[in-house]
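I opened my notebook to go through this model piece by piece. Here is what I looked up, in the order I looked.

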Amino acid sequence: QLFYEAIQSFTGAAKRLELVFKTGTFNFYKDFAHSPSKVAATTKAVKEQYPDRQLVACLELHTYSSLNAEFLKEYQGALDAADVAVVFYSPDAVKIKQLEEVTYDQIAQSFQREDLIIYTNPADFKEFLFSQNFDNSALLLMSSGNYGGLNFDEVKELMK
């Protein structure tokens, strides 16, 4: 009985497929997903919820493991459910974490998508987002970081 009362007002866990903004033809979600299995599951879940909308799925490679050249191979297929797949990573973050350099080609090969879009510059990624027509779309930003300082409130305002 208590469960049924409580679930009525449950809005979900913070940063887990969190709905940031929506209109009648657009949904913007952010999610903490960064491991390959969670990226794949989250991307697939959003596409299944909106099969007739273009899904733009963006992933920031931010953690020690995701910036590891060997571990990157685990991401193969993780963004397959997306219509537009984007990966962002900061070469500076790699240096700060004192990891071996990860190259653009390694990332491209790991995801196994010919059409994968890769950004390493936060301003370029922001420009990409702000130049998209999101009518009849779903935007999914997945990261345990913030895409090099992306202001999610600013993105939300742009979508209005």
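**Entry 1**

I began at asparagine 136, which lies in the loop between helix 5 and strand 6. For helices I count DSSP runs of H or I with at least four residues, and for strands runs of E with at least two, both numbered from the N terminus. I am working on a predicted model, where local features need pLDDT of at least 70, side-chain atom pairs count only at pLDDT 80 or more, and totals for chains, interfaces and linings use all residues. Residues are numbered from 1 along each chain as its sequence is written, and side-chain values use heavy atoms, with hydrogens and water left out.

What is the phi of asparagine 136? I read a positive value of about 60°, although this residue is not a glycine. As a reminder to myself, most residues other than glycine have a negative phi.

I also checked the cover: asparagine 136 counts as partly exposed, at 37% relative accessibility. My cut-offs are under 20% relative accessible area for buried, over 50% for exposed, and partly exposed in between, with a 1.4 Å probe and protein chains only.

**Entry 1: another one, past strand 6**

I found tyrosine 147 in the loop between strand 6 and helix 6. Is tyrosine 147 buried or exposed? It is buried, with a relative accessible area of 1%.

**Entry 2: the whole protein**

I stepped back and noted 6 helices and 6 strands. From the N terminus, I wrote the elements down as α-β-β-α-β-β-α-α-β-α-β-α. Of the 160 residues, 41% count as buried.

For surface, I used the Shrake-Rupley method with a 1.4 Å probe, where only the protein chains shown count as cover for residues. The accessible surface comes to about 9000 Å², and 48% of that belongs to carbon and sulfur atoms.

I then looked at contacts, meaning heavy atoms within 4.5 Å. Among contacts with a separation of 6 or more, 73% are between residues 24 or more positions apart.

In what order do the strands sit? The 6 strands form an open sheet in the order 1-2-6-3-4-5, with mixed pairing. The edges are strand 1 (18–22) and strand 5 (117–119), each pairing on one side only. I count two strands as paired if DSSP finds at least two bridges between them. The twist averages 15° from one strand to the next; for such angles, axes are lines fitted to C-alpha atoms, for helices over the stretch in contact, and values run from 0 to 180 degrees between N-to-C directions.

Strand 3 (residues 54–61) has 7 of its 8 residues buried, so it is largely enclosed by the rest of the structure. On one side, 6 bridges join strand 3 to strand 6 (residues 137–142), and the two run parallel. Along this pairing I marked leucine 55 opposite alanine 138 and alanine 57 opposite leucine 140.

Strand 3 also pairs with strand 4 (residues 84–89), in the parallel sense over 6 bridges. There, cysteine 58 has valine 86 as its bridge partner, and leucine 61 stands opposite tyrosine 89.

Why is strand 4 largely enclosed? I found 6 of its 6 residues buried, so the rest of the structure largely encloses it. Val84, Val86 and Phe88 point one way, Ala85, Val87 and Tyr89 the other way, and all are buried.

Strand 4 runs parallel to strand 5, joined by 3 bridges. Valine 86 turns up again here, with isoleucine 117 as its partner in strand 5.

**Entry 3: helices across the sheet**

Helix 5 (residues 122–131) lies across strand 3, strand 4, strand 5 and strand 6, at about 155° to strand 4. Helix 6 (residues 152–159) lies across strand 1, strand 2 (26–31) and strand 6, at about 170° to strand 2.

**Entry 4: alanine 33**

My last stop was alanine 33, in the loop between strand 2 and helix 2 (36–49). Alanine 33 is buried, with a relative accessible area of 0%. Alanine 33 and serine 143 are 110 residues apart in sequence, yet 5.8 Å apart in space, C-alpha to C-alpha.
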